[in-house]
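Please keep the sequence and the structure in view while reading.

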Amino acid sequence: MTMSAGWYLRRLSRMGPREVGGRAGDAVRRRRWRAAPPDCPDVTGARFTASLPAGTLAEVPPDAVKRLTAEADRLMDGHAEFFGVGRDDLADPDWSYDPRTGLRAPQVYAFDVPYRDEEAVGDIKQIWEPSRHQYLTVLAAAYAVTGDERYAERVAAHLRSWWAANPPLRGVHWTSGIELGIRLLSWVWIRRLLDGWPGAAGLFEDNPVALRQIWHHQRWLAAFPSRGSSANNHVIAETAGQFAAACAFGWFPSSARWRTDALRSLERQLRANTFGSGLNRELATEYHGLVLELGLAAVAEADAAGVPVPGSVRLVLLRMTDALAAVVDNRLRPPRQGDADDGHGLVVDGAGTDRWASLLATGDALFGRLAWWPEVTGTDVRTPLLAALVRPYPGNGAAGAVSRPVSRPDRFADAGMTILRGPEEIWCRCDGGPHGFLSIAAHAHADALSVEVRHDGVDVLADPGTFCYHGQPAWRRYFRSTLGHNTLQLDDADQSVSGGPFLWTRQARSRVLAADPSGDGVARWSAEHDGYQRTVHRRRVELTSASRELRIIDEVRGMGRAARLAFHLGPAIGVELTESRAVLTWTRDGEDRSAALDLPGGLSWRAHRGESDPPLGWYSAGFGRKEPATTLVGTGFADGTAEFTTVLRFHG
């Protein structure tokens, strides 16, 4: 996907004067570095002191160790999967190769690499992901818990290979700050986890090549921060990685300044990226997880190095953890809202470890669980490692004098999210919040007033997900579109206007009119948005506990328009559609379940599944993966007083 001149103009229009000036300065610096790249200063006497406390590894649960070593052995055999693409070449990887397209990114001056152009570079996500070196943190963790030097030797061989193939400022791995930040955090943990291996110092602090790489990563991040309209999760990754490296690898003349500047930026950006309620402002749940992981890792480095951290940092992380505990369903699955690219901050666990359970376990260890938190029964490697580094806080974390919710929150007014809960683990997310974060709302979807409904953790009315970012524009448009969500589309148009794959030029404004999630037997929510000019879409949702019935009423007020109402069923849901009635069936833990979906009779209903031209009827469980799922679409006309009622009844 190449960007047109029109895209650059649209992108420029979303920037303020300060951001434009900063980007102009970046362009000058890139030209200057091409002719005269900065030099790494000489370093002598470097020593690594940010080790895990004695006894930490003995606290890792045996089943977590078993999962970790199974994953490490798979990696040792050269096998891995990134975004749905299997790799069998991880024993000796080609760091610039994209297995999906078969292309190799050019090894030229970094800022000349057209990384958004899949025809020239390949799928950039496939190339970048292994070079975050999070599979190497898994191998390093396997060494730490087993003492098997095969794992350490493989890590060392791959790091030396990567450093040789990617000298500073050459190639695709020096183009994006989020990649450099996450890679630095991985290197910190690799060094920590290899601490008992005799070759650890020779790989890092006594290795001039490693020192040069670490310095150049930090110099790059100090020079080219994400700014202005791009200061989303990327800037958190950049500052967290910079801060972690400046704490653990504080061997350079600039380390103290980098550490101070990164911590100041991290504190400011964590607050800016997080609502007061604790939810992430991008309104993309996976980025909530990414930012929380990065923030917790940064605090761990600060405490390990004895660097004071502002109380506001811990407070934001505490609120993010409480918010996560509040919004998950009974199976600990959070909402599937906005973009998701399977991004992680720190990976030391094997396959089968639940990400969200792990984060809640870490939150329990660091802050203390509240009485209303859901139970976490799984185990993980990361929690005891982080807990060993983070200092105890008075009153369980930042909570000493901090007010925490006494009961489970179900309405997050600043984020526009409301969770309705009913019997038999009925869970319903209602979206009446802002379109997205900052002027470009990069990771937002056109999903105003959408609902997401689960029964005992099974997607019944599903958010279809994300699937892709670059290179497949038709699929990117579909998964971000209004038609791609459980809401009403008018005149075949999205509620918000897209200016590119990570850019919205006009954003629908939503407002919640009423929310009573804990009403007497009936939980209620209503909201409206102005995305369709001269027409208002208003939606009411009612969940009646006694009858296990969810009622959705869509109203159109203003100018009459062609209408399409979509309901996306989860991939486990079977359906029989007869006129305007759909019978839904699925299986959960060996038990047959069913529900009836009575659709508005004023619309003509049709089931779509696995269609590609144009895309319709798909579900993406993770980035790069999609599978057919049924979407029910009703078409018709909505006059200025139209009302469409949908009723979902779960059978006992």
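A residue is called buried when its relative accessible area is under 20%, exposed when that area is over 50%, and partly exposed in between, with a 1.4 Å probe and protein chains only. By this criterion A441 is buried, because its relative accessibility is 1%. The model is a predicted one, in which local features need pLDDT of at least 70 and side-chain atom pairs count only at pLDDT 80 or more, whereas totals for chains, interfaces and linings use all residues. Residues are numbered from 1 along each chain as its sequence is written, and side-chain values use heavy atoms, with hydrogens and water left out.

Helices (H or I, at least four residues) and strands (E, at least two) are DSSP runs, numbered from the N terminus. In these terms, A441 belongs to the loop between β5 (426–431) and β6 (451–455). L283, likewise not a glycine, has a positive phi near 55°. The loop that holds L283 runs between α12 (255–272) and α13, and L283 is buried at a relative accessible area of 7%. A further backbone feature is the cis peptide bond from D613 to P614, with omega near 0°. P614 is located in the loop between β20 (611–612) and β21 (615–616).

The interior comes next. A nonpolar core is a set of buried Ala, Val, Leu, Ile, Met, Phe, Trp, Tyr and Cys residues joined through side-chain atoms within 4.5 Å. The largest such core has 130 residues, and those that touch the most other members are W187, W189, L194 and F249. Helix α13 (residues 285–305) supplies the largest share of this core, with eleven residues. Another core, of 40 residues, lies apart from it and has C430, L461, L490 and F650 among its members. Contact means heavy atoms within 4.5 Å. Leaving aside residues up to four places away in sequence, F249 touches F48, W187, V188, R191, F204, I214, A244 and S255.

How do the helices pack against one another? Axes are lines fitted to C-alpha atoms, for helices over the stretch in contact, and angles run from 0 to 180 degrees between N-to-C directions. Angles under 35 degrees count as roughly parallel, over 145 as roughly antiparallel, 65 to 115 as roughly perpendicular and the rest as oblique.

Helix α13 packs with helix α16 (residues 382–389) at an angle of about 40°, their axes being 8 Å apart. The two helices are therefore oblique to each other. From α13, the residues E293, L296, A297, A300, D303 and A304 meet R382, L386 and L389 of α16. Ala, Val, Leu, Ile, Met, Phe, Trp, Tyr, Cys and Pro count as nonpolar, Asp, Glu, Lys and Arg as charged, and the others, Gly among them, as polar. The contact of α13 with α16 accordingly has six nonpolar, no polar and three charged residues. Within α13, A300 is buried, with a relative accessible area of 0%. Beyond four places in sequence, A300 touches L386, L389 and V390. A300 and L385 are 85 residues apart in sequence, yet their C-alpha atoms are 9.3 Å apart in space.

R382 also takes part in a contact with S358, a residue that touches D380, R382 and T383 when residues up to four places away in sequence are not counted. S358 lies in helix α15 (residues 355–367) and is buried at 5% relative accessibility.

Helices α6 (residues 134–146) and α7 (residues 149–165) have axes that come within 7 Å and cross at roughly 150°. This angle makes α6 roughly antiparallel to α7. In this contact, Y135, L136, L139, A140, A142, Y143 and T146 of α6 face E149, Y151, A152, R154, V155, H158 and L159 of α7. Ten of the contact residues are nonpolar, two are polar and two are charged.

Helices α8 (residues 177–193) and α10 (residues 208–223) have axes that come within 10 Å and cross at roughly 140°, so α8 and α10 are oblique to each other.
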